[in-house]
Amino acid sequence: MMLLRQYFRDIWWIALGYLLILEAAMIAAIMFWPQFRDNVPAIAKVVPFQALQDLISQMHQAGFWPYFAVQHWFKGCSLFGVAAIAFMGSGIIAREADQRTAEFLLSRPISRRRVLLSRFFVLSMATIVPVYLTSITAIWISVNVEEFMGWGDILLAATYMSCFLLMLCGLCTLLSTMSTNQFRAGTILIGFVLANFAIYLVQSIDTFSLFKTIDIWAFMQIHAGEPPWSLGAIFVAVTAVELILADWIFRRRTF
Amino acid sequence: MQLDRGQMLGLIGPNGAGKSTLLRCLVGIVKPDDGTITVDGIDAIADSLKARRRIGYAPSETALYHRMTAMDLLRFALAFHDTADLDRGRALLDLFTVPPGRRVRHLSHGMKRKILLAQVLASGAPLLVLDEPMEALDPEARRYVIDLLRQAAAQGCAVLLSSHDLASTEQLCDRIVFLHEGTVLRQGAAPELLAEAGRMLTLVLRQPFEQVDLPSRDGWVWSGGPLRWTLVCEGPMEDTLAILSTLPILSIRDGSESLEEIFASLYLETEQTP
């Protein structure tokens, strides 16, 4: 419990900032919906990249749900989520090495695995709780623009997005256990995500991008009652592998 | 090297001798290449966690969680020891005049050292391991620490410390181990080592001498010059003095006065051995 509290004290203000930004972005996106709906054809003409044009045309055909999915989960949660993970998670282990506090921490009678897993747990909660909270509040806020979303779809979509973010939390944890410098771990994570987004924008290779797994099609499947369970399971499995690797590296690491 | 309950053992050596590395191996921060470490019958390498439950450790590094207050840090440090006594820790902070509510980032190096010492002394662990415990402490705090460590040893704790502060190590420890490049050069009780130090003589001559002009025997090592020479010698002292009597000596002094001189002579020998 002390480990959880100690790490949470370090990151709570980032988690709170992430929640507020996500909520504000979500409210702004919902309130912008009526204007967007009325101007979709014009917007579609000025949007670059085929991938983004496809998203816009899908929104035009299917209405509010794909618009919200793109605005909140695909754009908001992934963009702000990755930034929050990089800020909060890159220091999980790397900051101990960077600030030379590792010797103090690791000489306590606690296992390295417990340190790693408790911090991963705090990071995961700080990342996914805002996803659920903002997704749920969207149900009430969307009523203001005369749109209605079901609890089931919202919770399933938030869970799917959370699995994706968990995978990035795992990657960040792994990078942090390998780094002696928090900044380096965070930069590598952000670089990796940006590279994936760049790949997503190139139509011929976009299937290799992680963003392909959380774009509009995944959320349309959820809306159609056919959630992409297999992809969700892959996210969880990858997270587990990342944690096993991180644990293996951390147990062998000398500070 | 063996340390029993109630004993205090001091590790001495120059920078890079392996003192801190040895202590870090003991608490599982560094994995040793070879050898064994046993704490209360527990293999401290294979079962580091179990061994660490019996160890209170104060690293030499005073980089701590700077956002925490002194009291929070103490609470955090003691939270993982079943035998810890937080009230004693708080009392030790008071004794050391560390403001419990002040954030660590606003504390001086010496104050951070005192927090580390307070958490070790309040850990209730049977083995206290302290890396450079006297570093950055004022004389009053040093006296407190010496008294508190003696009390801990009297209550059955084993105390293992490394230090560059030879005077307090000599004053505090029952046994002393001299390390050099990861190996034990010499170990023993402080009085025994001091007696051995009689082998080192410091001579001041009336006229300058080159080393080649000084008398030489097997096991003799000269250093210094040209007027002030130090001799590390072996064999009966009477024979040594008889040989030295041929020199124009202004003064002669043996080196059995302090650990400082044992330290100097041991490392001098090591450096001069091919």
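**View 1. Chain B as a whole, with 10 helices and 12 strands.** Welcome to this predicted model. Along the principal axes, the C-alpha atoms of chain B fill a box of roughly 65 × 40 × 30 Å. Chain B has 274 residues, and 38% of them count as buried. Among its contacts with a separation of 6 or more, 72% join residues 24 or more positions apart.

**View 2. The two assigned domains of chain B.** Here you can follow the chain from domain 1, residues 8-181, to domain 2, residues 194-272. Taken over C-alpha atoms, the centres of domain 1 and domain 2 of chain B are 38 Å apart.

**View 3. Strand 1 of chain B, residues 8-12, and its covered residues.** This strand is mostly covered, with 5 of its 5 residues buried. Met8(B), Gly10(B) and Ile12(B) point one way, while Leu9(B) and Leu11(B) point the other way. In a regular strand the side chains alternate between the two faces of the sheet.

**View 4. Strand 1 of chain B with its parallel partners, strand 6 and strand 7.** Strand 6 covers residues 158-162 and pairs with strand 1 of chain B over 4 bridges. To find this pairing, look for Met8(B), whose bridge partner in strand 6 is Val159(B). Strand 7, residues 175-180, also pairs with strand 1 of chain B over 4 bridges. There, Leu11(B) has Val177(B) as its bridge partner.

**View 5. Where chain B touches chain A.** Chain B brings 20 residues to the contact and chain A brings 16. Helix 2 (48-52) and helix 3 (70-78) of chain B each supply at least two residues of the side that touches chain A. By class, this side of chain B has 13 nonpolar, 2 polar and 5 charged residues.

**View 6. The kinked helix 4 of chain A.** Helix 4 of chain A runs over residues 64-89 and has a kink of about 35° centred on Gly76(A). The helix is mostly covered, as 21 of its 26 residues are buried.

View 7. Val82(A) counts as buried because 22 C-beta neighbours lie inside 10 Å. Leaving aside its neighbours within four places in sequence, Val82(A) is in contact with Leu168(A), Ile190(A) and Val193(A). Ile56(A) is 26 residues from Val82(A) in sequence, and the two are 23 Å apart in space, C-alpha to C-alpha.

Terms used:
Residues numbered from 1 in each chain as written. Chains lettered and ligands numbered in written order. Predicted model: local features only at pLDDT ≥ 70, side-chain atom pairs only at ≥ 80, totals over all residues. Contact = placed C-beta atoms within 7 Å. Nonpolar A, V, L, I, M, F, W, Y, C, P; charged D, E, K, R; others polar. Bend = angle between axes of the 7 residues up to and from the residue. Buried ≥ 20, exposed ≤ 12 C-beta atoms within 10 Å, placed from the backbone. Domains from an automatic or database assignment. Pairing = 2+ DSSP bridges.
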